[in-house]
Amino acid sequence: MHPRDQTIFALSSGRPPSAIALVRASGPQAGNVVTALAGRLPPPRIATRALLRDISQRPIDDAVVLWFPGPASATGEDIVEFHVHGGRAVLAALFAALSKFDNVRPAEPGEFTRRAFENGKLDLTEAEALDDLIHADTDRQRRQALRQLKGLLGDKARDWRARIIEASALIEAGIDFSDEGDVPEELIAPALAKVKALLTEIEEVLAEQGRSERLRDGLVVAIAGPPNVGKSTLMNQLARREVAIVSPHAGTTRDVIEVQLDLEGYPVTVIDTAGIRETDDPVEQEGVRRARARAADADLVLWLTDASGVVREGEGEAAAPVWLVRNKIDLDTTDRPLAESSSGRVFRISATRGDGLSVLIAAMVEFAQVYFGSDEGGLIGRARQRKLLQETAASLRRCVEIVGNGEELAAEELRAAAYSLGRLLGRVDVEDILDVIFREFCVGK
């Protein structure tokens, strides 16, 4: 039997132990499974209490069972849900009982969602949005993923594809009736108008500067500077926990340390790097090399110096804005002027006492607001989606350029545009990318 025709099961709730655990099974044997374990088939979509027993009639657990006959289910197949107590022994006994059935096996990562996609319950943009929703770390990421899951991009793509097919039908009709005098012109003019309007819409979406993609990936802030200026202390203050070792000895941080922050709903990855200096220690040299590389790739660099140190802005390595942060102001007894920054942003803080941190964090939030832009209008969430929309726009652009001088070629460009949108939705020739997308899901989803 093909793996897709087998019944799959998995734990779909959190890691045990827990108060309640949810185990789902989906496939043609789901009805037989619940009948054998619960003693009867529950009424559809009604929570039913049942004492689960294995094949040898030994009790497993007192559970709540839900039965969802297909196609009116999440996967489009028959689904049964077992709500059991979340102890490891209970789950082990239930999994062992499920494994005794023929053609019933544990699910692979993302297999439930993949079956929902293959059975037309989700398009590929919605499946990707579901993965984003599962992995959302901040409220803004959650809201964006939920909008995509509701069809924000998928509905648009289906509408665009339908309009392309309409325009294509007009152009091909003009080709078929080319010997009817003025008929081709009457057909091609409205087709061209449809294509131009559609191209304008897609170009507007592509011009959004990848705001949704940025929100999905997050803002990267690198803390850089010479040794012993308080980078790790600042890192710990931002994280509000001890994530980096703080020591008075230079060269303590030798690798890149990352922590994920939620700044008013914006996802921010803060990176603590090794102190940048000349050294003969090969391990520290590698740390300095990695520090320079991460600072160069960051979206914002906080270049730290202490109150008495010489300010250097990373020797020009970072293409991103560089903010100068003078730390240890509580130890500074002089009244020296602040150094200038190429970005125009200079801050005075005491990472130990917390002085000035609220001002620095508020500035980081403002930077994130500008960086991400509005989180309500972005349609594109992934590079794959942007690439396919770019291909669609390119085909439409070529169609506009050649229509009237080569209707056959224009019709072919419209077919290519419709094909790209079909790939965006996952309805044509996407087998090569399905494994990559769905294997990133959690087991049981």
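Modeller: Contact, or touching, means heavy atoms within 4.5 Å. This is a predicted model, in which local features need pLDDT of at least 70, side-chain atom pairs count only at pLDDT 80 or more, and totals for chains, interfaces and linings use all residues. Residues are numbered from 1 along each chain as its sequence is written, and side-chain values use heavy atoms, with hydrogens and water left out.

Colleague: Which residues does Ser-395 touch, beyond those up to four places away in sequence?

Modeller: Ser-395 sits in helix 12, residues 383-402 (helices are DSSP runs of H or I, at least four residues, numbered from the N terminus). Ser-395 has a relative accessible area of 4% and is therefore buried (buried is under 20%, exposed over 50%, partly exposed in between, with a 1.4 Å probe and protein chains only). Once residues up to four places away are set aside, the residues that Ser-395 touches are Glu-413, Ala-416 and Ala-417.

Colleague: How far apart in space are Leu-424 and Ala-157, C-alpha to C-alpha?

Modeller: Leu-424 belongs to helix 13, residues 407-425, and is buried, with a relative accessible area of 0%. Beyond its neighbours within four places in sequence, Leu-424 is in contact with residues including Leu-124, Thr-125, Leu-153 and Ala-157. Although Leu-424 and Ala-157 are 267 residues apart in sequence, their C-alpha to C-alpha distance is 7.8 Å.

Colleague: How many of the 11 residues of helix 4 are buried?

Modeller: Helix 4 covers residues 124-134, and its buried residues include Leu-124 and Thr-125, both of which are in contact with Leu-424. Helix 4 is largely enclosed by the rest of the structure, because the number of its 11 residues that are buried is 9.

Colleague: At what angle do helix 4 and helix 5 pack?

Modeller: The contact between them involves, among others, Ala-129, Leu-130 and Leu-133 of helix 4 and Ala-145, Leu-146 and Leu-149 of helix 5. The axes (lines fitted to C-alpha atoms over the stretch in contact, with angles from 0 to 180 degrees between N-to-C directions) are 8 Å apart. Helix 4 is roughly antiparallel to helix 5, a term for angles over 145 degrees, and the packing angle is about 155°.

Colleague: What is the relative accessibility of Lys-121?

Modeller: UniProt, in an unreviewed entry, places a "binding site" at positions that include Lys-121, although such annotations may be inferred rather than shown by experiment. Lys-121 lies in the loop between helix 3 (111-118) and helix 4, and its contacts include Pro-71, Gly-76 and Glu-126. Lys-121 counts as partly exposed because its relative accessibility is 37%.

Notes. Helix = DSSP H or I, 4+ residues; strand = E, 2+ residues; numbered from the N terminus. Parallel < 35°, antiparallel > 145°, perpendicular 65-115°, else oblique.
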